Amino acid sequence: MALALVFPGQGSQAVGMGRDLAAAFAPAREVFEAVDETLKQNLTRLMFEGPAEELTLTANAQPALMAVSLAVLRVLEAEGGFDLKSRVALVAGHSLGEYSALAAAGAFDVPQAARLLRLRGEAMQKAVPAGTGAMAALLGAEMDQARAICERAAEDPETGRREVVEAANDNGGGQVVISGHKAAVERAVEIAKAEGIRRAMLLPVSAPFHSSLMAPAADAMGEALERDPPRAPAVPVVANVTAAKATGPDEIRDLLVRQVTGTVRWRECVAAMTGMGCDTFVELGAGKVLTGLMKRNAPEARAMACGTPAEIEAVLKAL
C-alpha cells in the first residue's frame with residue numbers, strides 16, 4: 001500500500017465541522033486554540049455554531065478548513081501513533097488545501113498556515129470589487145471543451161471588448177469550474193447550455209478565484225511568503241499548478257504564488273499520484289468532496305474520508 005493524504009478546499013466548510021473532534025480529543029482542541037490565538041478571533045465558535053454566511057466568507061473559511069484538517073492529523077498521530085514521514089508517500093490539497101497539505105508535512109506550522117490563509121482570503125476578496133467577478137461549474141464538460149467555451153465567451157458581442165473568463169479548476173470526471181468577469185462567465189454558461197453540456201450553473205462564491213483577475217492577490221501572497229517562507233516538507237507535495245512533485249522551499253513558495261491565478265489541475269494531480277504508485281487516498285478534514293472526486297478520477301484506488309471521530313477510528317483500522 002502506498003498512501004497519499006489529500007486536503008479539501010473551499011466549499012467543504014459546514015457549520016459544526018470539528019465540533020465532535022474538539023469534544024473528544026485534546027490534540028484537536030490544541031489546534032483550534034492555536035488558530036484562534038493566532039488570528040485573535042474565536043474562529044472555533046464560528047466553525048461550531050455559525051452563522052454559515054460568516055463561516056463561508058473566504059477569509060474565515062480558508063483558515064477554518066486548514067484547522068480541521070490539521071486537527072484530524074494531530075488526532076491520528078496521538079491516538080493511533082500515525083507517523084506521516086514513514087507512512088505517507090505524497091500529500092496534495094485542493095486550492096487552499098495545498099497549505100493544509102504543506103502544514104501536515106511540516107513546511108508550515110499551524111499558526112503560520114493560519115496567518116497565510118487569513119491573508120490569502122482577504123487578498124482574494126479585495127482583488128476584485130464585489131459583483132465584478134463570478135465562477136460557474138460546467139458538469140459534463142472536459143477541459144478542452146471548457147477552454148473553447150471560455151474563448152468564445154470572452155468577447156462582449158455588443159462592444160467587441162474582451163473580458164476574462166478562464167478554466168479555474170479541472171476537477172476531473174467531467175467537472176470543470178470557470179472563473180472571470182461576471183458577464184463573461186454568464187455568457188459562457190449560456191454557450192455551454194446551447195452546446196448541450198449536461199449542466200452549467202453559477203456558483204455562490206464571492207470572487208473569481210484562480211483567474212488572472214486575482215493578480216493583486218498573487219502579489220500580496222508573494223510578499224507574505226517572502227516574510228513567512230515555507231520549510232522543506234517531510235514528504236513531497238503534488239502542486240496544483242504543475243501536477244508534479246515539489247520539495248524545495250523556494251519552488252514551493254513560487255508555486256503557491258502562481259496558484260492564486262493558475263488553474264487547479266486536480267484531475268492531473270490525482271493521475272500523477274496514482275502514476276507514482278499511490279493506491280490509497282485519505283482525505284483529512286471537513287466533508288467528502290475529494291473522496292467523491294477520487295471515485296471518478298481513480299476508481300481503482302481506495303479512497304477514505306477522515307474528518308469525524310468515527311472516520312478516524314475506521315481509517316486507523318484500515319491503515
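**Reading an active-site annotation**

Tutor: The UniProt entry, which is unreviewed, carries an "active site" annotation that covers S95 and H210. The model here is predicted.

Student: Where does S95 sit in the secondary structure?

Tutor: S95 is in the loop that runs between β2 (88-93) and α7 (97-104).

Student: And where does H210 lie?

Tutor: H210 is also in a loop, the one between β6 (199-202) and α11 (215-227).

Student: How do I read relative accessible area: is S95 buried or exposed?

Tutor: Buried means under 20% relative accessible area. S95 has 11%, so S95 counts as buried.

Student: Is H210 buried or exposed?

Tutor: H210 has a relative accessible area of 3%, so H210 is buried.

Student: Which residues is S95 in contact with, leaving aside its neighbours within four places in sequence?

Tutor: Contact means heavy atoms within 4.5 Å. On that basis S95 is in contact with R120, H210, N240, Q259 and V264.

Student: Which residues does H210 touch, not counting those up to four places away in sequence?

Tutor: H210 touches S95, R120, A167, A168, N169, Q259, V260, T261, G262 and V264.

Student: Which backbone atom lies 2.7 Å from a polar atom of the H210 side chain?

Tutor: That atom is the backbone oxygen of Q259. A polar contact is a pair of N or O atoms within 3.5 Å.

Key. Residues numbered from 1 in each chain as written. Predicted model: local features only at pLDDT ≥ 70, side-chain atom pairs only at ≥ 80, totals over all residues. Heavy atoms only, no water. UniProt positions renumbered as here; feature names shortened; annotations may be inferred. Helix = DSSP H or I, 4+ residues; strand = E, 2+ residues; numbered from the N terminus. Buried < 20%, exposed > 50% of the residue type's maximum accessible area, 1.4 Å probe, protein only. Polar contact = N/O pair within 3.5 Å; in protein donor to acceptor, adjacent residues only side chain to side chain.
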